[in-house]
Amino acid sequence: EFERVEDYQVDVKIKVDVDFLKMPDREATIFYKKPDKFHIDSENFTMMPKSGLNFSPLGFLNYKYTAFYERIDTVDGTITSVIKVIPIEGDADVILSSFWIDTKRNLILKVESSRKPQGTFVIDLKYLKTSEGFWLPSSLVFSFTVDRSLLPKNFNEKEESESNKNAEDLEKDKKGKVYLNYFNYKVNIGLTEEFFESKNKKK
């Protein structure tokens, strides 16, 4: 279904829920152009898992891969087919991805992907049908785990100074979720390559 989308502009409300990080809710505008051009307009919002905001189903398939049907499963009451996708190129950063696909609407409702070096993350999606007849995400929940050894040193020091933390808690990797809610889609509006180049130059 996403193949029909050449480009879009959409507003998004963002909520970050991470153990070690307090961040106010934010709003942003996302611009996309097929197959993998993204730009995000937002003030003071740089700490964000990259695969959350710039999610595109086509991004998982831009390398040589093999795929196989695994089983039938349900997602929020919808029957889906679970498809495993394994890259067959040595330089792909994806190790394995699983897709839960609503075959009646040809939509991906859930993704679980293991990547180097980020580890495993899960994306859960809900959809709306735009006035132009395109199925696009209305909400997305991006769940991930942060390797504690990759955190900035000041985060670890802050944790260790808290008296209510025991040794086992300090050794655990940190879990987080990013909640995205989309509204005001504008689809196939003719965004150009030059548009993204000019936006990136302003960063």
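Student: What share of the 203 residues in the chain is buried?

Tutor: Buried residues come to 42% of the 203 in this predicted model. Buried here is under 20% relative accessible area, exposed is over 50%, and partly exposed is in between (1.4 Å probe, protein chains only).

Student: OK, how many helices and strands in the chain?

Tutor: There are 4 helices and 10 strands. From the N terminus, the order is β-β-β-α-β-β-β-β-β-β-α-α-β-α. Those are DSSP runs numbered from the N terminus: helices are H or I with at least four residues, strands E with at least two.

Student: Switching to rings. How many aromatic pairs does a search of the whole structure find?

Tutor: The search finds 9 aromatic pairs. Rings of Phe, Tyr and Trp (its six-membered ring) pair if their centres lie within 6.5 Å; planes under 30 degrees apart are stacked, over 60 edge-to-face, and the rest tilted.

Student: What kind of pair do F121 and F142 form?

Tutor: A tilted one, with 5.1 Å centre to centre and 35 degrees between the planes. F121 is in strand β8 (residues 119–129) and F142 in strand β9 (residues 135–146), so the pair ties together parts 21 residues apart in sequence.

Student: Are F121 and F142 buried or exposed?

Tutor: Both F121 and F142 are buried.

Student: And why is the F195 and F196 pair called edge-to-face?

Tutor: Because their planes sit at 85 degrees, with the ring centres 5.2 Å apart. F196 is buried, at 2% relative accessible area.

Student: Which residues do ring pairs link into a cluster?

Tutor: That cluster holds F2, Y8, Y32, F38, Y182 and Y185.

Student: Now charges over rings. What sits over W135?

Tutor: The charged end of R105 does, 4.9 Å from the ring centre. Likewise, K110 lies over the face of W100, at 4.6 Å from the ring centre. To count, NZ of Lys or CZ of Arg has to be within 6 Å of the ring centre and within 35 degrees of the ring normal.

Student: How many salt bridges does the structure hold?

Tutor: It holds 9 salt bridges, each a side-chain nitrogen of Lys or Arg within 4 Å of a carboxyl oxygen of Asp or Glu.

Student: What does K37 meet in a salt bridge?

Tutor: Its partner is E193, at 3.5 Å, N to O. K37 lies in strand β3 (residues 37–41) and E193 in helix α4 (residues 193–201), so the pair ties together parts 156 residues apart in sequence. K37 is partly exposed at 31% relative accessible area, and E193 is partly exposed at 34%.

Student: How about K126, what's its partner?

Tutor: K126 forms a salt bridge with D76, the closest N and O atoms being 2.7 Å apart. K126 lies in strand β8 and D76 in the loop between β4 and β5 (78–87), so this pair ties together parts 50 residues apart in sequence. D76 counts as exposed at 65% relative accessibility, while K126 is partly exposed at 44%.

Student: Which residues are linked in a network of salt bridges?

Tutor: E70, R71, D73 and K84 are.

How values were computed. Residues numbered from 1 in each chain as written. Predicted model: local features only at pLDDT ≥ 70, side-chain atom pairs only at ≥ 80, totals over all residues. Heavy atoms only, no water.
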